[in-house]
Amino acid sequence: MRLDKLLANMGYGSRKEVKQLLKKGAVQVNSEPVKDAALHVDPVKDEVTILGEQVVYKEFIYLMLNKPQGVISATEDDRDRTVIDLLIGEHRHFEPFPVGRLDKDTEGLLLITNDGKLAHELLSPKKEVPKTYYAHINGRVDETDIEKFAAGLTLDDGYFTKPGQLRVLQSGETSEIELTITEGKFHQVKRMFEAVGKRVVYLKRLSMGPLELDSALHLGEYRELTEEEVAMLRNEKG
Ligand code: URA
């Protein structure tokens with residue numbers, strides 16, 4: 001890979017800005033100063049530094065966001081702020097996108113990456129990756145609902161869902177529940193509750209496959225996945 005491309009890809013500026021850095025003698029390859037932008041480097045084997053700081057090459061980025069309400073799961077939008085607007089430039093530079101969607105008023109775990117292959121496989125209906133949600137429901141959720149969810153429900157458009165595992169944490173005028181489903185139809189959790197005559201008033205995603213929302217992340221905060229988490233996700237997609 002050309003040296004200027006490597007540095008631009010890693011967020012050190014445009015190709016033109018990177019050329020200026022090279023001209024100034026700020027860049028070394030294997031401890032030798034280099035000014036040639038076209039020099040071919042191996043991003044894994046060669047040691048590239050800028051002003052003494054090592055350039056760590058990576059192609060993909062994997063971020064876990066605790067999505068707040070009010071932002072939409074898209075890369076751009078004319079009206080609303082998107083989840084990508086919550087990222088700092090260093091991460092936006094990788095041109096990541098959200099893996100699937102959470103509604104504007106849904107909070108919680110959202111994976112953001114530029115690894116299209118992993119995203120595609122995590123979203124593939126065939127893989128049936130489980131997703132767990134925590135919700136507040138307007139109405140008393142009881143044993144009958146647990147059975148109905150387990151049997152599968154017919155949604156407003158006639159679609160018959162796969163079984164959902166419903167756990168009632170608290171049953172009352174407003175109930176607290178956790179629900180695990182293995183598909184991701186539009187507004188699925190809300191529509192499953194509508195199918196039993198109840199309404200979701202608060203929704204938060206807790207996990208996606210083996211990936212669990214980090215409780216240290218406040219709403220709107222995010223962090224890179226650990227190598228272990230990325231490896232778990234790769235295994236999940238099987
Ligand atoms: N189901 C919903 O209804 N909304 C979400 O955001 C996610 C799942």
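Strand β8 (residues 131-138) and strand β11 pair in the antiparallel sense over eight bridges, where strands are DSSP runs of E with at least two residues, helices are runs of H or I with at least four, both numbered from the N terminus, and two strands count as paired if DSSP finds at least two bridges between them. The model is predicted, so that local features need pLDDT of at least 70 and side-chain atom pairs count only at pLDDT 80 or more, while totals for chains, interfaces and linings use all residues. Residues are numbered from 1 along each chain as its sequence is written, and side-chain values use heavy atoms, with hydrogens and water left out.

An open sheet of four strands, paired antiparallel, has the order β2-β1-β3-β4. Its edge strands are β2 (32-33) and β4 (53-54), each of which pairs on one side only. Strand β3 (residues 48-50) is joined to β4 by two bridges, and Thr-49 stands opposite Gln-54 in β4.

The largest nonpolar core has 47 residues, and those with the most contacts inside it are Leu-3, Leu-179 and Phe-193; such a core is a set of buried Ala, Val, Leu, Ile, Met, Phe, Trp, Tyr and Cys residues joined through side-chain atoms within 4.5 Å, buried meaning under 20% relative accessible area with a 1.4 Å probe and protein chains only. Helix α1 (residues 3-9) gives the largest share of this core, four residues. A second, separate core of 16 residues includes Met-64, Leu-111, Leu-211 and Val-230. Leaving aside neighbours within four places in sequence, Leu-179 is in contact (heavy atoms within 4.5 Å) with residues including Tyr-133, Phe-149, Leu-166, Val-189 and Phe-193.

The lining of the largest pocket divides into 15 nonpolar, eight polar and ten charged residues, where Ala, Val, Leu, Ile, Met, Phe, Trp, Tyr, Cys and Pro count as nonpolar, Asp, Glu, Lys and Arg as charged, and the others, Gly among them, as polar.

Conventions
Buried means under 20% relative accessible area, exposed over 50%, partly exposed in between (1.4 Å probe, protein chains only).
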